[in-house]
Amino acid sequence: TKAGPAAASKPGTVAASKAGSMAASKAGSAAANKPGTMASGKVGSLQSSMVVPKPSGLRADMVANKAGAAGATAPPRKSETEEEKAAAAAVFRAIETAAALLAADKASEAEAALRSVIDSAEATIGALHAASLCALAHLACALSAGGRGDEAEAVARRALAGRQTTLGASHVDTLASAAGLAALLHKRGKLPEAESYCRAALDGRRAVLGPAAPDTLQSLAALLSLQYSRGDYYGMEASA
């Protein structure tokens, strides 16, 4: 409510509600012309909630990334031993458990479930295995939900760096980690750096997934929310 009047009284700027409406209209039109993408009504709902940053943004990118939890894709690897396969399977089971616990607001239990497998997995299959990195991304979310922002940020940076190394900057899992780190930094008030990671995730998702994909629209909403937090109303108008 404080930023809204400021925007309204500043000539040439655009109020948050107007920018959100513009983003919804633009994304909705793209979605309507692309079969199988998010319907325009759902886009409007997404954009209308973008004004106030919420921890759920971090959860959406780190926990709801089912591609990673179901078995993140990775560059070709040598045949794994039975021990390595079992270790990876145990990690993914722990991730599913942690995701359910986080959804129930049980952050400490989610953290415990992940920590119980991460060390042994890194020793068995390596710290750069898709399963290990996916677990780190979820651990960052659990730590953030538990109010331990410093630890969460450090773990999220490790997960992102690992995915950049093994998967490349444009892989969907790497982009999910960039978006998750952006949401965490936004929550912690580190807005310029958060916007940098958010833009990287948005640009990457537009290129890889398309402008009307749900993850792309989520990144657009996150960018608008960041710009609103910074009072960058001109930027909101340009982004929308």
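In which handedness of crossing does α9 pass α10? In this predicted model, where local features need pLDDT of at least 70, side-chain atom pairs count only at pLDDT 80 or more and totals for chains, interfaces and linings use all residues, α9 passes α10 in a left-handed crossing. A crossing is called left-handed if the near helix is turned anticlockwise from the far one by less than a right angle, and right-handed if clockwise. Residues are numbered from 1 along each chain as its sequence is written, and side-chain values use heavy atoms, with hydrogens and water left out.

Helix α9 covers residues 149-167 and helix α10 covers residues 172-187; their axes come within 9 Å and cross at roughly 160 degrees. Here helices are DSSP runs of H or I with at least four residues, numbered from the N terminus, while axes are lines fitted to C-alpha atoms over the stretch in contact, with angles from 0 to 180 degrees between N-to-C directions. The two helices are therefore roughly antiparallel, a label for angles over 145 degrees.

On the α9 side, the residues that meet α10 include Ala 152, Ala 156, Leu 160 and Leu 167, and their partners in α10 include Ala 178, Leu 181 and Leu 185. Contact means heavy atoms within 4.5 Å. The residues of this contact divide into 9 nonpolar, 4 polar and 4 charged; Ala, Val, Leu, Ile, Met, Phe, Trp, Tyr, Cys and Pro count as nonpolar, Asp, Glu, Lys and Arg as charged, and the others, Gly among them, as polar. Also in α9 is Ala 161, which counts as partly exposed because its relative accessibility is 37%, between the limits for buried (under 20%) and exposed (over 50%), with a 1.4 Å probe and protein chains only. Its C-alpha atom is separated by 9.0 Å from that of Ser 177, 16 residues apart along the chain.

What, then, of the nonpolar core? The largest one, a set of buried nonpolar residues of the kinds Ala, Val, Leu, Ile, Met, Phe, Trp, Tyr and Cys joined through side-chain atoms within 4.5 Å, has 52 residues, of which Val 91, Ile 95 and Leu 114 touch the most other members. Elements giving two or more residues include α6 (82-103), α7 (107-124), α9 and α10, and the largest share, 11 residues, comes from α8. Beyond its neighbours within four places in sequence, Val 91 is in contact with Val 117, Ala 121, Ala 131 and Ala 135.

Ala 88 lies in α6 and is buried at 8% relative accessible area. Leaving out residues up to four places away, Ala 88 touches Ile 125, His 129 and Ala 131.

Notes: Parallel < 35°, antiparallel > 145°, perpendicular 65-115°, else oblique.
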